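Okay, thanks for making time, everyone. Have a look at it first.

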Amino acid sequence: MAQTEKKGGLLRKSSASKKPLKEKVVLMYDEIFTSEDPSKCNPRFWEELFLMKVNLEYLEGKLESLDGEELMKIKDNINCLFQRCIRALGEEHPIRVVNALQTLCALIRGVHQKNKSTSGFDIINMLMGFDKAELCMKNLMESLDTLLCAEGSESLKSLCLKLLLCLVTVTDNISQNTILEYVMINSIFEAILQILSNPLSRREHGYEAVVLLALLVNYRKYESVNPYIVKLSIIDDEATLNGMGLVVAQALSEYNRQYKDKEEEHQSGFFSALTNMVGSMFIADADEKISVQTNEAILLALYEAVHLNRNFITVLAQSHPEIGLVTMPASPVPTTPVTPLGTTPPSSDVISTVELPLDADVQTSNLLITFLKYSSIVMQDTKDEHRLHSGKLCLIILTCIAEDQYANAFLHDDNMNFRVNLHRMPMRHRKKAADKNLPCRPLVCAVLDLMVEFIITHMMKEFPMDLYVRCIQIVHKLLCYQKKCRVRLHYTWRELWSALINLLKFLMSNETTLLAKHNIFTLALMVVNLFNMFITYGDTFLPTPSSYDELYYEIIRMHQSFDNLYSMVLRLSTNAGQWKEPASKVTHALVNIRAIINHFNPKIESYAAVNHISQLSEEQVLEVVRSNYDTLTLKLQDGLDQYERYSEQHKEAAFFKELVRSISINVRRNLAFNTLSQEVLLKEFSTIS
């Protein structure tokens with residue numbers, strides 16, 4: 001018997017040359033695409049249609065192939081199909097529900113592809129008709145809400161979420177998607193929360209639910225009252241907030257794990273052996289090739305939770321065994337294939353249950369640690385646009401955390417010490433730190449380490465000025481908290497001071513190139529004022545008196561850099577150019593640093609001359625510093641411990657608009673190619689009762 005092959009809705013015998021036969025469902029689609037009502041000749045037409053396996057490719061392709069006039073001729077039939085789909089969602093037979101959901105996806109995507117240049121109103125009219133749109137969407141959203149909240153099939157829930165994601169991402173700019181007005185009116189917020197608070201449904205659908213919520217929150221967020229923003233900001237249910245945190249933690253952990261695997265594979269490969277032979281000349285170039293697709297969608301969800309809901313801050317510090325180190329019992333196989341939405345979601349929710357055993361030998365972790373590790377990877381290479389966006393969003397999230405009083409309390413808590421293994425960019429002049437030697441410290445130390453790491457590794461031709469400004473602002477906000485609450489943090493402050501001085505040196509040595517693109521004096525002023533913060537208030541938050549002495553030692557040791565900076569800003573502030581005002585601000589800010597240098601340098605030279613020493617040791621310089629504090633006069637500078645709080649709407653609206661657009665395109669692309677297969681669903685519903 002000849003083998004039967006299927007292609008594009010056609011059935012043909014591979015060994016015969018007869019005219020191809022069409023599938024029955026394709027013939028039924030063709031009837032819909034005539035101007036006649038298909039149920040006239042066959043009263044059972046719609047009942048039969050939803051028992052047929054959907055041919056998504058054919059249905060979408062047919063819609064896209066029609067021109068505007070042809071589409072308008074069959075508008076009544078498309079409206080009828082849309083309404084029949086919604087009616088079928090209330091059917092008892094799950095196969096009909098599955099087919100209705102998939103048909104809705106094809107209709108929405110197909111009609112939109114055809115109407116890209118037209119307004120959202122035209123798409124609403126084409127799909128359901130203006131007069132019936134409100135009732136149609138009310139019924140659709142109620143049906144989806146019922147299916148998501150019911151205890152039934154996980155496959156149906158998965159398809160409902162995919163349909164909603166299809167609906168939300170059908171336009172690149174989701175704020176131009178007028179259909180979403182109905183999703184705002186007929187909220188499915190509670191259904192999303194139910195998924196996140198239930199361990200089983202969270203493991204199956206948590207990732208899609210969180211991404212959907214993040215996108216809905218961004219619908220016209222600056223133009224009107226978005227109910228999803230309002231509701232997200234007031235959630236105080238612990239199970240729901242923890243559920244959201246677990247989904248985000250798992251997704252970021254998966255990224256970290258993939259990166260680590262690639263890094264180990266890279267290091268153990270041929271190139272590693274070659275590098276060991278010829279030295280590490282090319283190590284930086286080699287490591288740039290280690291690339292794992294970033295996950296902006298899940299990062300956006302984390303941002304919205306941190307930014308909008310103060311209760312979510314507690315979730316950041318919620319301890320759990322480190323993901324990847326705990327062997328969990330085999331979890332049930334998901335009923336639908338887990339597929340990417342922007343990136344690969346977590347393979348299994350290994351932290352979905354609260355009752356995990358805390359083994360004394362297992363390193364405990366939390367969402368903040370996972371996020372810091374993720375940040376340390378994506379912030380390494382900001383040349384790639386996605387990583388630049390991810391890096392910027394990481395710094396924005398850290399800015400929100402650094403401003404929060406409660407977050408600062410646990411960041412600086414001496415009783416909450418963790419060993420945080422941040423990824424460090426390979427550089428020729430430093431050795432790779434051994435993971436095992438990392439000390440347990442308060443979490444703020446890891447945040448400061450991340451900022452220092454960024455400062456020293458991004459002084460390059462394509463200078464990421466915006467990221468540097470955010471980085472310095474985060475350090476400043478943390479210092480303001482330490483000064484206010486008199487927290488004496490045991491941290492290697494010298495590493496920060498050294499990084500800041502090297503940054504100033506970089507700005508000076510690349511003055512001409514950088515000034516063509518950036519106002520470097522804004523950044524220079526921020527760096528100088530960080531030193532002023534240490535000089536003025538350091539005695540209230542530096543761990544020991546000797547730490548304060550070391551600060552002076554570093555300023556004196558690197559006095560040439562501060563002298564050069566003063567000469568540069570003085571030169572530009574005395575010229576009547578565009579940089580006169582910003583340069584003069586740096587000139588004034590340097591007053592105390594210059595006073596320290598001018599006060600101690602003669603004393604040190606005198607000490608060296610009296611004792612006939614050509615080069616003083618650090619201890620000898622510190623001795624001179626300690627014995628000459630009394631005669632040092634400094635000016636009190638106002639506003640050093642003040643800062644402007646983060647505001648999204650006024651400063652970041654353009655960034656988030658572009659970011660959400662990118663996420664929407666990515667989610668839609670992955671939905672289109674991977675997530676609407678029916679094979680698993682049909683196996684699950686192989687019998688219709």
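Let me start with a definition: I say a charge sits over a ring if NZ of Lys or CZ of Arg is within 6 Å of the ring centre and within 35 degrees of the ring normal. With that in hand, go to arginine 594, which lies over the face of tyrosine 566, 3.6 Å from the ring centre. There's another case at lysine 62, over the face of phenylalanine 33, and there the figure is 5.9 Å from the ring centre.

Before I go on, keep in mind that this is a predicted model. So what are we looking at overall? The protein has 34 helices and 7 strands. It runs to 689 residues, and 54% of them count as buried. If you take the contacts with a separation of 6 or more, 78% of them come from residues 24 or more positions apart.

Side chains of opposite charge can pair when their charged atoms come close. Here the count comes to 34 salt bridges. One of them is arginine 44 with glutamate 47, where the closest N and O atoms are 3.2 Å apart.

Now hop over to glutamate 403, which forms a salt bridge with lysine 477, closest N and O atoms 2.7 Å apart. Glutamate 403 is in helix H20 and lysine 477 is in helix H23, so this pair ties together parts 74 residues apart in sequence. Glutamate 403 is buried, with a relative accessible area of 10%, and lysine 477 is buried too, at 4%.

Then there's aspartate 549 with arginine 626, with 2.8 Å between the closest N and O atoms. That one also links distant parts of the chain: aspartate 549 belongs to helix H27, arginine 626 to helix H31, and they're 77 residues apart. Aspartate 549 is buried, at 6% relative accessible area, while arginine 626 is partly exposed, at 39%. And if you like networks, find Lys392, Asp466, Arg470 and Glu652, which are linked by salt bridges.

On to the rings. A search of the whole structure turns up 22 aromatic pairs. Phenylalanine 463 and tyrosine 468 are stacked, 4.6 Å centre to centre with 15° between the planes, and both residues are buried. What about phenylalanine 655 and phenylalanine 656? Their centres are 5.2 Å apart and their planes are at 70°, so that pair is edge-to-face. Phenylalanine 655 counts as buried at 9% relative accessibility, and phenylalanine 656 is buried at 1%. There's a cluster as well, with ring pairs linking Tyr491, Trp493, Trp497, Phe534 and Phe541.

Last stop, helix H29, residues 580-589. Which of its residues are buried? They are Pro582, Ala583, Val586, Thr587 and Ala589. The cover over them includes helix H26, helix H28 and helix H30.

That's my tour, so over to you for questions.

Terms used. Residues are numbered from 1 along each chain as its sequence is written. This is a predicted model: local features need pLDDT of at least 70, side-chain atom pairs count only at pLDDT 80 or more; totals for chains, interfaces and linings use all residues. Side-chain values use heavy atoms; hydrogens and water are left out. A salt bridge is a side-chain nitrogen of Lys or Arg within 4 Å of a carboxyl oxygen of Asp or Glu. Helices (H or I, at least four residues) and strands (E, at least two) are DSSP runs, numbered from the N terminus. Buried means under 20% relative accessible area, exposed over 50%, partly exposed in between (1.4 Å probe, protein chains only). Contact means heavy atoms within 4.5 Å. Rings of Phe, Tyr and Trp (its six-membered ring) pair if their centres lie within 6.5 Å; planes under 30 degrees apart count as stacked, over 60 as edge-to-face and the rest as tilted.
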